[in-house]
Amino acid sequence: MHKDIQSVLFTEEQIKNRVKEMGSRISADFKNLDPIFVGILKGSFIFMSDLMRAVDMDCTVDFMGVSSYGRGSVTTGAVKITKDLNESIENRSIILIEDILDSGVTLNYLVNCLEVRKPASISIAALLNKPARREKSVKPDYIGFDVPDAFVVGYGLDYAERYRNLPYIGVLKPLIYAD
């Protein structure tokens, strides 16, 4: 799988350090609020696991499955909830945990769906932010790294369910995902 990577954008050590910084900031911002961390499956699971260990506060965890990509490399624009929350979020502070904020289609849809459930607040923590691809106006509150308009994989991010287990974030060679 390493042979399919064109270049490494962020090393394992860089990611570890940035996630620790994000966790410290979130801990300070949400002190005494007992937020619910909502991981967006599947891509966020590694980031969320590390981020949860980097926060120092009471909190709970839940997950949602949301997709607009299917098995392709470009969003379809049609968002589908594949797994909903297990608990009520009414009057709770929500921190959505996303691997990458790309087009914004999925997160825009998700935030609108969750606002109807009357949470106290909704914040977004995205490991990666790719503003060049933004179609919907979504601003993350916490960003790990800005990335160029390239197909990135690793540390939970995938292509066709592969490469999630890479310990770094790299640019996938275009010949791998060319249609």
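Asp 34 counts as partly exposed, at 33% relative accessibility; here buried means under 20% relative accessible area, exposed over 50%, and partly exposed in between (1.4 Å probe, protein chains only). This is a predicted model, in which local features need pLDDT of at least 70 and side-chain atom pairs count only at pLDDT 80 or more, while totals for chains, interfaces and linings use all residues. Residues are numbered from 1 along each chain as its sequence is written, and side-chain values use heavy atoms, with hydrogens and water left out.

## Charged pairs

Let us stay with Asp 34 for a moment. Its salt-bridge partner is Arg 92, with the closest N and O atoms 3.7 Å apart. The term stands for a side-chain nitrogen of Lys or Arg within 4 Å of a carboxyl oxygen of Asp or Glu. Asp 34 sits in the loop between H1 and strand E2 (36-41) and Arg 92 in the loop between strand E4 (80-83) and E5, so this pair ties together parts that are 58 residues apart in sequence. Helices (H or I, at least four residues) and strands (E, at least two) are DSSP runs, numbered from the N terminus. Arg 92 is buried, with a relative accessible area of 19%.

By this rule the count comes to 15 salt bridges. Here are some of them:

| Pair | Closest N to O |
|---|---|
| Asp 34 and Arg 92 | 3.7 Å |
| Arg 133 and Asp 149 | 3.8 Å |

Arg 133 and Asp 149 form a salt bridge. Arg 133 lies in the loop between E6 and E7 and Asp 149 in the loop between E7 and E8, so the pair ties together parts that are 16 residues apart in sequence. Arg 133 is partly exposed, with a relative accessible area of 26%. Elsewhere, salt bridges that share partners join Lys 42, Asp 158, Glu 161 and Arg 164 into one network.

## Aromatic rings

Rings of Phe, Tyr and Trp (its six-membered ring) pair if their centres lie within 6.5 Å; planes under 30 degrees apart count as stacked, over 60 as edge-to-face and the rest as tilted. The count comes to four aromatic pairs by this rule. Phe 151 is buried at 14% relative accessibility, and Tyr 159 is buried at 16%. Phe 151 also pairs with Tyr 177: the centres are 4.9 Å apart and the planes at 25°, so this pair is stacked. Phe 151, Tyr 159 and Tyr 177 form one aromatic cluster.

## Nonpolar cores

A nonpolar core is a set of buried Ala, Val, Leu, Ile, Met, Phe, Trp, Tyr and Cys residues joined through side-chain atoms within 4.5 Å. The largest has 28 residues, of which Ile 26, Phe 37, Leu 51 and Leu 128 touch the most other members. Helix H1 (12-29), helix H2 (45-54), strand E5 (93-101), strand E6 (121-129), E7 and strand E9 (169-172) each supply at least two residues of this core. Apart from it lies another core, of 19 residues, among them Met 64, Val 111, Leu 114 and Ile 124.
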